[in-house]
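Please look over the sequence and the model shown here before reading the notes that accompany them.

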Amino acid sequence: MTLRWSPRASALGTTSSEDPRPEDLGLHAAPRPHPAPRTLKLTIAYDGTSYVGWQRQENGLSVQQVIEDALQPMCGDDVPVVMGAGRTDAGVHASGQVASVRVAFDHPANAVHRALNVRLPADIRVLAVEDAEPRFHARFDATGKSYRYRIATERVPLPFAGVL
């Protein structure tokens, strides 16, 4: 396509019949419709050593905050709020924490899964992302939780005992 400038059209604020239409140039394209909100279920594992716990807090970096920050580029102007099935304290690890988040984008769940793991630090991994029922809420729909406590009783614990 050859673009031509027309002094008459320019002065009148119009285009001649030979000038391209603005929509042909993508200048006045109709905005893409905003997808309907949907709920995603995230299954997460993390080493909580570097975090103040699951929940966002003013006194330090939380797992929730890091995941929300990783989601933000996919959400545009919307601010994602990731709701965990439960909270963990500072330094606590998780190997199957379930969380839910309402989003208004149409990226496939498998693409969100890959994108999150690219954006997240190595000590937080998203194990799965699934489309959930619209009213699914990780905390209120949880049917159980299990905890495993490891207590070092050796006089001199092995340096890697915390990861076994």
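Predicted model: local features only at pLDDT ≥ 70, side-chain atom pairs only at ≥ 80, totals over all residues.

Residues are numbered from 1 along each chain as its sequence is written, and side-chain values use heavy atoms, with hydrogens and water left out.

**Overall fold.** The protein chain has 3 helices and 4 strands, taken as DSSP runs (helices H or I of at least four residues, strands E of at least two) and numbered from the N terminus. Along the sequence these elements follow the pattern α-β-α-β-β-α-β. Of the 164 residues, 32% count as buried, where buried means under 20% relative accessible area, exposed over 50% and partly exposed in between, with a 1.4 Å probe and protein chains only. Contacts (heavy atoms within 4.5 Å) between residues at least 6 apart in sequence join residues at least 24 apart in 66% of cases. The chain exposes about 11,500 Å², of which carbon and sulfur atoms supply 54%; accessible areas come from the Shrake-Rupley method with a 1.4 Å probe, and for residues only the protein chains shown count as cover.

**Salt bridges.** The structure holds 2 salt bridges, each defined as a side-chain nitrogen of Lys or Arg within 4 Å of a carboxyl oxygen of Asp or Glu.

| Pair | N to O distance |
|---|---|
| D131 and R38 | 2.6 Å |
| R56 and E68 | 2.5 Å |

In the pair of D131 and R38, distant parts of the chain are linked, with D131 in strand β4 and R38 in strand β1, 93 residues apart. D131 is partly exposed at 49% relative accessible area, whereas R38 is buried at 16%. The side chains of R56 and E68 form the other salt bridge, which links the loop between β1 and α2, where R56 lies, to helix α2, which holds E68. R56 counts as partly exposed because its relative accessibility is 39%, while E68 is buried at 6%. The C-alpha atoms of E68 and R56 are 9.7 Å apart, and, not counting residues up to four places away in sequence, E68 touches R56, P80, V81 and V82.

**Helix α3.** In helix α3 (residues 109–119) the buried residues are A109, V112, A115, L116 and N117. These buried residues pack against β1 (38–46), α2 (63–75) and β4.

**Strand β3 and the largest pocket.** The largest pocket holds about 1,000 Å³ of space. Its lining consists of 30 residues, and H93, A94, S95, S146 and Y147 lie nearest its centre. The elements that give two or more residues to this lining are β1 and β3 (94–103), and β3 gives the most, with 5 residues. Strand β3 also contains Q97, which is buried at 11% relative accessible area. Leaving aside neighbours within four places in sequence, Q97 is in contact with L42, T43, I44, Y46, W54, G84, A85 and G86.

**Surface patch.** Y147, one of the residues nearest the centre of the largest pocket, also belongs to a nonpolar surface patch with Y149 and I151, which together have about 470 Å² of accessible area. Patches are made of residues with over 30% relative accessible area and no salt bridge, with nonpolar side chains (Val, Leu, Ile, Met, Phe, Trp, Tyr) joined within 5 Å and like charges within 9 Å. Y149 lies in the segment after β4 (124–132) and counts as exposed, at 69% relative accessibility.

**Pocket terms.** On a 1 Å grid over the protein atoms alone, a pocket is an open set of points where a 1.4 Å probe fits, with protein on both sides within 12 Å along at least five of seven lines, and lining residues have an atom within 4 Å of a point. The volume is the space filled by probe spheres set on the points.
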